[in-house]
Amino acid sequence: MAVVCLGLAASSFAQTAQAPAGPSAAKIAVENRRAAFTLIGNSFRWFGAAAKGAAPYDEAEAKKRASRIGFLVNFLDDAFPEDSNLGEPASKAKGDAWTNRADFEKKLAAFKANARAFEQTVANEKGATDGFKAAVASLGQDCKGCHDSYKLK
């Protein structure tokens with residue numbers, strides 16, 4: 001009898017105790033895109049310095065950072081669902097990313113493709129060559145173009 005009572009009490013407690021609510025899918029998407037863009041920016045910043053001669057070019061470092069960028073752009077595929085237009089302070093994305101979706105998607109797709117091409121360029125170039133500098137400038141323009149249109153300052 002005692003076992004039955006304990007079983008009923010445990011069952012009753014389990015039914016009334018609810019798991020704490022976690023963040024919404026939209027909030028998770030915002031957190032993921034912020035993390036991805038932060039890591040991409042942190043990896044890319046070194047390339048700007050190396051292209052300008054402000055930091056020494058290191059082939060192993062360049063390959064490592066380019067590989068990170070090439071990997072991280074994969075996280076952007078699911079980073080802007082329709083319900084993740086949360087506005088400030090939750091997000092730095094402008095609402096235009098959703099209202100001008102075709103242009104936004106075009107720029108995002110170009111950035112992802114160019115980031116992967118950038119990774120290949122870094123793998124093929126040996127040093128801070130003109131080809132390396134052109135690739136850095138090109139990917140930097142992708143970033144700037146999207147930031148100018150779709151990121152709050």
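On a 1 Å grid laid over the protein atoms alone, a pocket is an open set of points where a 1.4 Å probe fits, with protein on both sides within 12 Å along at least five of seven lines, and its lining residues have an atom within 4 Å of a point; a volume is the space filled by probe spheres set on the points, which are joined across faces, edges and corners. The model examined here is predicted, with local features needing pLDDT of at least 70 and side-chain atom pairs counting only at pLDDT 80 or more, whereas totals for chains, interfaces and linings use all residues. Residues are numbered from 1 along each chain as its sequence is written, and side-chain values use heavy atoms, with hydrogens and water left out.

In this model the largest pocket holds about 630 Å³ of space. Its lining comprises 24 residues, of which Arg-33, Phe-37, Thr-38, His-147 and Lys-151 are the closest to its centre. Helices α2, α5 and α6 (130-150) each supply at least two residues of this lining (helices are DSSP runs of H or I with at least four residues, numbered from the N terminus), and α2 gives the most, with ten residues. By class, the lining of the largest pocket divides into twelve nonpolar, five polar and seven charged residues, where Ala, Val, Leu, Ile, Met, Phe, Trp, Tyr, Cys and Pro count as nonpolar, Asp, Glu, Lys and Arg as charged, and the others, Gly among them, as polar.

Helix α2 (residues 25-52) also packs against helix α5 (residues 101-124), at an angle of about 40° and with the axes 14 Å apart; axes are lines fitted to C-alpha atoms over the stretch in contact, and angles run from 0 to 180 degrees between N-to-C directions. The two helices are therefore oblique to each other, a term for angles that are not under 35 degrees (roughly parallel), over 145 (roughly antiparallel) or 65 to 115 (roughly perpendicular). Phe-37, Ile-40, Phe-44 and Phe-47 of α2 meet Phe-111, Phe-118 and Val-122 of α5, contact meaning heavy atoms within 4.5 Å, and these residues divide into seven nonpolar, no polar and no charged.

Helix α5 packs with α3 as well, at an angle of about 165° and with the axes 8 Å apart, and α3 and α5 are therefore roughly antiparallel to each other. This contact, which includes Phe-118 and Val-122 of α5, divides into seven nonpolar, two polar and three charged residues.
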